[in-house]
Amino acid sequence: MNQPVPVRVKVLDAWDEIALEVQPTDSIAHVKREALQRARVHRSADSYELKFNGGIVNESDTLAEAGIGANAALIVLPRRRQPVR
């Protein structure tokens, strides 16, 4: 039986941290879409990537496959960041 896993997702575009409870069998893509929706970001989820411990996570992996456990800190940021001028 799967137990919900609490994770914290920082959505860079909204400068907001979203607390989610997800299943270990949920895909990374699902977690990313859920965080963007709760942060009220209206751009396509495909234009964002999710990072864990500084590295991009494969979106087809589940949280368990990616080694993401309870209370993990994740970040969602645009794939192509705009340079600061």
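Which residue stands opposite Leu77 in S5? In the predicted model considered here, local features are reported for a pLDDT of at least 70 and side-chain atom pairs count only at pLDDT 80 or more, whereas totals for chains, interfaces and linings use all residues. Residues are numbered from 1 along each chain as its sequence is written, and side-chain values use heavy atoms, with hydrogens and water left out. The residue opposite Leu77 is Glu49, which belongs to strand S3; strands (E, at least two residues) and helices (H or I, at least four) are DSSP runs numbered from the N terminus.

An open sheet of 5 strands is found, in the order S2-S1-S5-S3-S4 and with mixed pairing, two strands being taken as paired if DSSP finds at least two bridges between them. S2 and S4 form the edges, each pairing on one side only. Strand S1 (residues 5-11) pairs with S5 in the parallel sense over 5 bridges, and within this pairing Lys10 has Ile75 of S5 as its bridge partner. On the other hand, S3 (residues 48-52) and S5 run antiparallel and are joined by 5 bridges, with Tyr48 partnered by Pro78 of S5. S1 and S2 also run antiparallel, and 7 bridges join them; Val11 has Asp16 of S2 as its bridge partner. These two strands form a hairpin with 4 residues between them, and Trp15 in the turn has a positive phi of about 50 degrees.

Strand S5 (residues 72-78) is largely enclosed by the rest of the structure, because 5 of its 7 residues are buried, where buried means under 20% relative accessible area, exposed means over 50%, and partly exposed lies in between (1.4 Å probe, protein chains only).

Helix H1 (28-38) contains the buried residues Ile28, Ala29, Val31, Lys32, Ala35 and Leu36. These residues lie on the same side of H1, because they cover an arc of only 160 degrees around the axis, the arc being that of the directions from the helix axis to the C-beta atoms. The buried residues of H1 pack against S1, S2, S3, H2 and S5, contact meaning heavy atoms within 4.5 Å. Just after H1, Arg40 takes a positive phi of about 60 degrees.

Charged side chains were examined next. A salt bridge is defined as a side-chain nitrogen of Lys or Arg within 4 Å of a carboxyl oxygen of Asp or Glu, and by this rule the count comes to 5 salt bridges. One of them joins Arg8 to Glu17, with the closest N and O atoms 4.0 Å apart; Arg8 counts as partly exposed at 35% relative accessibility, and Glu17 likewise counts as partly exposed at 44%. Another is formed by the side chains of Arg43 and Asp13 (3.6 Å, N to O). This pair links distant parts of the chain, 30 residues apart, with Arg43 in the loop between H1 and S3 and Asp13 in the loop between S1 and strand S2 (16-22). Arg43 is partly exposed, with a relative accessible area of 46%, and Asp13 counts as partly exposed at 37% relative accessibility.

A further salt bridge is made by the side chains of Arg79 and Glu59 (2.7 Å, N to O). Here too the pair links distant parts of the chain, 20 residues apart, since Arg79 lies in the segment after S5 and Glu59 in the loop between strand S4 (55-56) and helix H2 (63-66). Salt bridges that share partners join Lys32, Glu59 and Arg79 into one network, in which Arg79 is partly exposed, with a relative accessible area of 40%, while Lys32 is among the buried residues of H1.

Glu49 presents a contrasting case. The residue is buried yet has no salt bridge, and the nearest side chain of opposite charge, that of Arg79, is 4.1 Å away, with Lys and Arg counted as positive, Asp and Glu as negative, and His and the chain ends not counted. When neighbours within four places in sequence are left aside, Glu49 is in contact with Lys32, Ile56, Glu59, Ile75, Val76, Leu77, Pro78 and Arg79.
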